[in-house]
Amino acid sequence: MVTILWDNDGVLVDTEGLYFRATQEVLRTVGVPLTADQFKEISLRRGESCLGLAAGRGIEIEQLRAERDRRYAELLGSQAWAIDGADEVLRTLHGQVRMGVVTSARRVHFETAHAKTGLLRYLDFVLTREDYHHTKPHPEPYLTAMARHDLRPEDCIVVEDSVRGLVAATAAGLPCLIVLSDWSRDADFSGAAKVLASIGDVPGAVLKRRSAC
């Protein structure tokens with residue numbers, strides 16, 4: 001059976017903008033500006049922390065991180081953030097393929113983001129930041145998912161929205177579908193198996209792959 005390994009932020013829940021906002025607000029308190037382009041490059045492409053922009057200024061980065069995480073959790077809990085069409089897509093695929101989430105988000109943030117989405121009922125498993133030492137773009141998250149759930153690379157397909165996610169998936173030897181978002185439309189996804197306009201295009205791409213196997 002084909003297994004879809006879903007990224008979470010930007011694919012199932014519309015939270016990239018919230019993370020940017022929380023990080024930007026915290027950096028602003030110590031006089032460090034953060035633009036959307038910087039966020040895309042540092043966080044979404046390289047998979048690094050934008051809080052590093054405050055390094056060397058005598059600022060306690062861990063304190064900034066704690067405040068950023070607090071603010072991010074506050075924003076996440078303010079309403080439901082499911083991507084438009086995500087419920088319909090997961091409901092369509094449920095029972096036809098196996099599905100899990102492989103995210104670099106901390107479990108508390110993942111659970112807060114999904115407290116009101118109703119999407120978790122469709123998933124077979126979830127891996128979060130606490131399940132591995134290295135986050136994307138390192139391949140460890142996807143390698144861990146395959147090892148823990150006895151998955152063969154040829155049976156898996158990843159759905160991502162960022163360069164760091166694509167790099168992690170391909171480094172793990174997995175084909176990757178990219179779902180474009182407002183945060184990723186200008187990125188280079190030349191290594192993707194296919195680039196999709198929206199999450200609504202995922203079932204067609206996955207089921208076509210399944211029938212070809």
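By class, the residues lining the second largest pocket comprise seven nonpolar, three polar and four charged ones; Ala, Val, Leu, Ile, Met, Phe, Trp, Tyr, Cys and Pro count as nonpolar, Asp, Glu, Lys and Arg as charged, and the others, Gly among them, as polar. The lining of this second largest pocket consists of 14 residues, of which Gly10, Ile83, Leu180, Ser181 and Asp182 lie nearest its centre. A pocket is an open set of points on a 1 Å grid over the protein atoms alone, where a 1.4 Å probe fits, with protein on both sides within 12 Å along at least five of seven lines; lining residues have an atom within 4 Å of a point. The second largest pocket holds about 230 Å³ of space, a volume being the space filled by probe spheres set on the points, which are joined across faces, edges and corners.

This is a predicted model, in which local features need pLDDT of at least 70 and side-chain atom pairs count only at pLDDT 80 or more, while totals for chains, interfaces and linings use all residues. Residues are numbered from 1 along each chain as its sequence is written, and side-chain values use heavy atoms, with hydrogens and water left out.

The largest pocket has a volume of about 610 Å³. Its lining comprises 31 residues, with Tyr19, Ser104, Ala105, Thr135 and Arg164 nearest the centre. Two or more lining residues come from each of α1 (16-28), α2 (36-45), α3 (61-76) and α7 (163-171); the largest share, four residues, is supplied by α3. By class, the lining of the largest pocket has five nonpolar, 13 polar and 13 charged residues.

The protein as a whole contains eight helices and six strands, taken as DSSP runs (helices H or I, at least four residues; strands E, at least two) numbered from the N terminus. From the N terminus on, the order of elements is β-α-α-α-α-β-α-β-α-β-α-β-β-α. The C-alpha trace spans about 55 × 35 × 30 Å along its principal axes.

Proline 203 is found in helix α8 (residues 202-212). Proline 203 is buried, its relative accessible area being 11%. Apart from its neighbours within four places in sequence, proline 203 is in contact (heavy atoms within 4.5 Å) with Val89, Thr92 and Leu93.

Definitions and conventions. Buried < 20%, exposed > 50% of the residue type's maximum accessible area, 1.4 Å probe, protein only.
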